[in-house]
Amino acid sequence: MDRIMPTKKDLLQLLRETDGYVSGEAVSEKLGITRAAVWKQVELLRAEGYVIDSLTRRGYRLRETPDLLTQEEIQAGLSAGEFGCRVFAMETVDSTNEEAKRRAEQDAPHGSVFVAEQQTGGKGRLGRRWDSAAGSGLWFSLLLRPKALPSQTAGITLLAGLAVCRAIRRETGCQASIKWPNDVVLGTKKVCGILTEMSAEMDQIHYVVVGIGINVKKGAFPAELQEKAVSLEAGAGRPVRRVPLLQRILEEFELLYREYGVSSFPLEEYSSLCVSLGRRIRFFRNGSEVHGTAVAVEKDGGLVAELENGETAVVTSGEVVVQGFYGQ
């Protein structure tokens, strides 16, 4: 029976687990390969962007990892339980949401993550195109299989927005906020969009896909969107690594999901981060454009507005334009 030869993945894991340097002899013995083969694997890792120091009589030390959206990088150090249990990392895909739905039909498990360096057909709400240039952002989808009725899923998108907001604040220091219901903003510009899609029958959910797109790198979007959009690097004033951000989002999202499921969310925290509140808004109601002021978020996720005629309305879906945001 042929023995399976160790790969650069095995070497990378060994380097991660070692505090400081590990000798070439020790690597050779642990992996069962020659010193020359060890050197070859080190060079392969370096070619992928890993910074590995090597010193005579001391061996090798992993000093820096590249910002690669690979299964190995994403799952290394990920403390989430189910979210990230499977990671499908792709160079290019039409849409991570579409890939998640295809895999869901093939029984991909709850908590699976689908991430791509580039989307050729990325999409936002209401069928809008989402620009997803290669290496410029964090484009991923999370597959959920909640035990709930379709009518009990109002909290999913709000929980996702809150998880992204928490993660951005903790990983970058940027004061991210939420524009109800599915955008995360820096100041008055959009940095993240969320698209939630569901496959269900009247009394059963087959699966839910939560798609999240974040502008991370400078130049993450076309010039014509500069008045509406912003990148995390522009907001932070420094480089931002995507893998730690993705890991933090998954961890925050899972914490919230375990506590609130899909039908609820922490109303007080969400409201404190919701920049729609207290602002003039406009939306369509019964085919007519309505103007008012957003005053609260209901416990079921609806946006409460005081209208110009003195009435109160609750918005649960559709497009809501907030004055002062996205050049409005």
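Asp94 is partly exposed, with 30% relative accessible area; by the cut-offs used here, buried is under 20%, exposed is over 50%, and partly exposed lies in between, with a 1.4 Å probe and protein chains only. I start there, but first the terms of the model. This is a predicted model, in which local features need pLDDT of at least 70 and side-chain atom pairs count only at pLDDT 80 or more, while totals for chains, interfaces and linings use all residues. Residues are numbered from 1 along each chain as its sequence is written, and side-chain values use heavy atoms, with hydrogens and water left out.

Back to Asp94. Its side chain meets that of Arg102 in a salt bridge, 3.0 Å from N to O. The term covers a side-chain nitrogen of Lys or Arg within 4 Å of a carboxyl oxygen of Asp or Glu. Arg102 is partly exposed too, at 36%. By this rule the count comes to 23 salt bridges.

Next, helix 5, residues 96-105. Helices here are DSSP runs of H or I with at least four residues, strands are runs of E with at least two, and both are numbered from the N terminus. Within helix 5, Arg103 and Glu99 are four residues apart, about one turn. They form a salt bridge, with the closest N and O atoms 3.0 Å apart. Arg103 is partly exposed at 31%, whereas Glu99 is buried at 11%.

Helix 8, residues 242-260, holds Arg248 and Glu252, again four residues apart, or about one helical turn. Their side chains meet at 3.9 Å, N to O. Arg248 is partly exposed at 27%, and Glu252 is buried at 3%.

Now the strands. Two strands pair if DSSP finds at least two bridges between them. Strand 9, residues 204-215, is mostly covered, with 10 of its 12 residues buried. Strand 5, residues 137-144, runs antiparallel to strand 9 and is joined to it by eight bridges; there Leu138 has Ile214 as its bridge partner. Strand 8, residues 189-201, is also antiparallel to strand 9, through 10 bridges, and Ile194 stands opposite Ile212. A hairpin of two residues connects strand 8 to strand 9.

Last, strand 1, residues 51-55, and strand 2, residues 59-64, pair in the antiparallel sense over five bridges. Asp53 stands opposite Arg61 in strand 2. Three residues lie between these strands in their hairpin, where Arg57 takes a positive phi near 70°.
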